[in-house]
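User: I am new to reading structures of this kind. Could you guide me through the features one at a time?

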Amino acid sequence: VAAAPLVPRLCEALERGPLATLRLRMRNAGAAAADNDSFLAVANSLSCAGSYARRLRDVVTNGLGDGHAAPRARWSVGRLDALASRFDEAAADAMRSLGGSLLPAAWLLLEFDPADYRLLRAGEAAEATARAVFERGVLQPLAVSFAALRSSLRPEALELLVHAVGAALGARLEAGAFAKRFDELGAMLFSEQVRRVSDALSAVSSAPVRNDFGRVTQLAFLLNASSVQEAAGLLLSQMALDGEGGGGGEGSSRLSTREAGRVTPLIC
């Protein structure tokens, strides 16, 4: 507790020193790329600094004891929390930039965007081709990229990267799906693609990606409803959740009732 008054001055020194320095080095590190060692080193340093700030916060918190510390001491803990968050946010921004470079852009633009998921009329060859292209254009490049980054990034930074790629890819798949039409076979293939890419990212680190793919997984589930009655039942369940204050929508890990209602017309 006696050292708590020193914490604000320490935070100011860290903000003016390491935080400012690392942000400058990030701007000068060059493009966010898996083979840019300078960029990866700064990203690791930001992640590490956030971890150290939280450890210092825990030390101060434990020193406060039973919660009867002076308000200034408690404010010091909040200051350390804010500092850790600033390092974490800078590291997350770096991983979002890096994640953008890892997205399977060629598959998204050349294969997914123009893809027709009405496969029953196209035959088995079209389905087999779609699976092969997905394997070659999405799963293999992601596996190669993350295999190379495992040894270059701290586990915490790797987890941030997994979330960044998952969120970006999930959003692209969701947006693209709402612009398509699906038959039964196409809906099954889309659901399989979502599951496989989610599983692939889950295998990279211990970071759960359920929320990153929550919306597009729900969309795929609705597409695969075996009947209008089942889809209606799922929509009623969604409405009940919304009524309990758990409504989805933009920025949520679930579709809103209105968004879920747009799925059924996609099936033809």
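User: Let us begin with burial. What percentage of the residues in the protein chain are buried?

Analyst: Buried residues account for 42% of the 268 residues in the protein chain. Please keep in mind throughout that this is a predicted model. The protein chain exposes about 13,900 Å², and carbon and sulfur atoms supply 56% of that area.

User: How many helices and how many strands does the protein chain have?

Analyst: The protein chain has 10 helices and 0 strands.

User: Among contacts between residues at least 6 apart in sequence, what percentage join residues at least 24 apart?

Analyst: In the protein chain, 74% of those contacts join residues at least 24 apart.

User: Let us turn to single residues. Is N44 buried or exposed?

Analyst: A residue is called buried when its relative accessible area is under 20%. N44 has a relative accessible area of 14%, so N44 is buried. N44 belongs to helix α2, residues 37–64.

User: Which residues does N44 touch, not counting residues up to four places away in sequence?

Analyst: With those neighbours left out, N44 touches S152, L153, R154 and A157. For R154 there is a further detail: a polar atom of the N44 side chain lies 2.8 Å from the backbone nitrogen of R154.

User: Where is M26, and why is M26 classed as buried?

Analyst: M26 lies in helix α1, residues 6–27. M26 is classed as buried because its relative accessible area is 17%. Leaving out residues up to four places away in sequence, M26 touches F39, V42, A43, L46 and A94. M26 and S38 are 12 residues apart in sequence, and their C-alpha atoms are 8.3 Å apart in space.

User: What is the place of S256?

Analyst: S256 is in the loop between α9 (228–246) and α10 (257–261). With a relative accessible area of 15%, S256 is buried. S256 and R215 are 41 residues apart in sequence, while the C-alpha to C-alpha separation is 9.2 Å.

User: Which helix gives the largest share of the lining of the largest pocket, and how do the lining residues divide?

Analyst: α7 gives the largest share, 5 residues. Both α7 (184–202) and α8 (214–223) supply at least two residues of this lining. The lining of the largest pocket consists of 4 nonpolar, 7 polar and 3 charged residues.

User: How many cavities of 30 Å³ or more does a search of the whole structure find?

Analyst: The search finds 1 cavity of 30 Å³ or more. The volume of the largest cavity is about 50 Å³.

User: Which residues line the largest cavity?

Analyst: The lining is formed by W107, F134, V138, L169, L173, F190, Q193, V194 and V197. By class, 8 are nonpolar, 1 is polar and none is charged. At least two residues come from each of α5 (124–150), α6 (155–177) and α7, and α7 supplies the largest share, with 4 residues. V194 is also among the residues closest to the centre of the largest pocket.

Methods
Residues are numbered from 1 along each chain as its sequence is written. This is a predicted model: local features need pLDDT of at least 70, side-chain atom pairs count only at pLDDT 80 or more; totals for chains, interfaces and linings use all residues. Side-chain values use heavy atoms; hydrogens and water are left out. Buried means under 20% relative accessible area, exposed over 50%, partly exposed in between (1.4 Å probe, protein chains only). Contact means heavy atoms within 4.5 Å. Accessible areas come from the Shrake-Rupley method with a 1.4 Å probe; for residues, only the protein chains shown count as cover. On a 1 Å grid over the protein atoms alone, a cavity is a set of points where a 1.4 Å probe fits but cannot get out, and a pocket is an open set with protein on both sides within 12 Å along at least five of seven lines; lining residues have an atom within 4 Å of a point. Ala, Val, Leu, Ile, Met, Phe, Trp, Tyr, Cys and Pro count as nonpolar, Asp, Glu, Lys and Arg as charged, and the others, Gly among them, as polar. Grid points are joined across faces, edges and corners, and a volume is the space filled by probe spheres set on the points. A polar contact is a pair of N or O atoms within 3.5 Å; within protein, one must be able to donate a hydrogen and the other to accept it, and residues adjacent in sequence count only if both atoms are side-chain atoms.
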